[in-house]
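Work through the exercises below with the coordinates loaded. Try each task before reading its solution.

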Number of protein chains: 2
Amino acid sequence: MDTLSQTFSALADPTRRAILARLAIGAATVGELAEPFDMSLPAVSRHLRVLTDAGLIERHTEAQWRRCELRAEGLRAAADWIEEYRRFWEQQFDRLEAYLKRTAPQPKGKSDGRKRRS
Amino acid sequence: MDTLSQTFSALADPTRRAILARLAIGAATVGELAEPFDMSLPAVSRHLRVLTDAGLIERHTEAQWRRCELRAEGLRAAADWIEEYRRFWEQQFDRLEAYLKRTAPQPKGKSDGRKRRS
DNA sequence: TCCATATTTAACATACTTGTTAAATACAAA
DNA sequence: TTTGTATTTAACAAGTATGTTAAATATGGA
């Protein structure tokens, strides 16, 4: 699977996003990561494998623990991809703004033409 | 499925990303969108449904055609989510930079201390 | 009305995902 | 070496995704 697909696919699961959010606070072991979830340890372990394969986390063995840490760098390509589309939605916003400006009641009387609250 | 999962899931397929890229150029019919792919029309039609459900495209009926157009606004939440992690990878970059600065050969002789090409 | 064009829906096959439980593995400490 | 703790792998079930072909639907025009 291509890298981008793998990244987006890894992010398409709420458990995995929650794990990443937890790791943004700091490194943690598998057990610690699993604790908040109503899910077996093997299930969490598999989510961690998906995140590892996607390059979003790193695991180092420490005695019988695996310390997981965020590797947000793995998000960069996905961020860049989405970023390409930002101008489209911002353009959309500009169009809406322009429309509202056109259709808003015109200032009347001795107006200075400045914006005012609706 | 939650919105974010739906968005990332929709983006996790190269055909769908290619369709979005095509639509960034301009609106197109289903047939036009399908043309570059070695895939049946029903398969493309289903990809378009996934994109529609994720709010990434819009379809208007025009006679017997369905004109599809990009709705990049649907990417905003995903962009925001990823953005939260940007500081982590940029921090990482800063750390690398600091490391390189520490380990780089010190300027010697009558140096002005300015950066130079490696 | 009848036909051609554009697209979707139905029915199906295959593969992937994700969860479960039970067993295996790895290490630390008694 | 035996035991306890942490984690992964194996085997399985259920649900979801994605592609196929054939049939259905919708519209415009002869």
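Buried means under 20% relative accessible area, exposed over 50%, and partly exposed in between (1.4 Å probe, protein chains only). This is a predicted model: local features need pLDDT of at least 70, side-chain atom pairs count only at pLDDT 80 or more, and totals for chains, interfaces and linings use all residues. Residues are numbered from 1 along each chain as written, chains are lettered from A and ligands numbered from 1 in the order written, and side-chain values use heavy atoms, without hydrogens and water.

**Exercise 1.** Classify A:Cys68 as buried or exposed.

Solution. Take the relative accessibility of A:Cys68: 0%. A:Cys68 therefore counts as buried. B:Cys68 has a relative accessible area of 0%, so B:Cys68 is buried.

**Exercise 2.** Locate B:Phe8 and list its contacts beyond four places in sequence.

Solution. Start with the helix: B:Phe8 is in H1 (residues 3-11) of chain B. Helices here are DSSP runs (H or I, at least four residues), strands are E runs of at least two, and both are numbered from the N terminus. Next, apply the contact cut-off, heavy atoms within 4.5 Å. The partners of B:Phe8 include A:Phe8, A:Leu11, B:Trp81 and B:Ala78. The C-alpha atoms of B:Phe8 and B:Ala78 are separated by 7.2 Å.

**Exercise 3.** Describe the protein surface near DNA strand C.

Solution. Near means a residue heavy atom within 4 Å of the strand. Count the residues around DNA strand C: 20. Finally, check a phosphate oxygen of DNA strand C: a side-chain N or O atom of B:Arg59 is 2.8 Å away.

How values were computed: A polar contact is a pair of N or O atoms within 3.5 Å; within protein, one must be able to donate a hydrogen and the other to accept it, and residues adjacent in sequence count only if both atoms are side-chain atoms.
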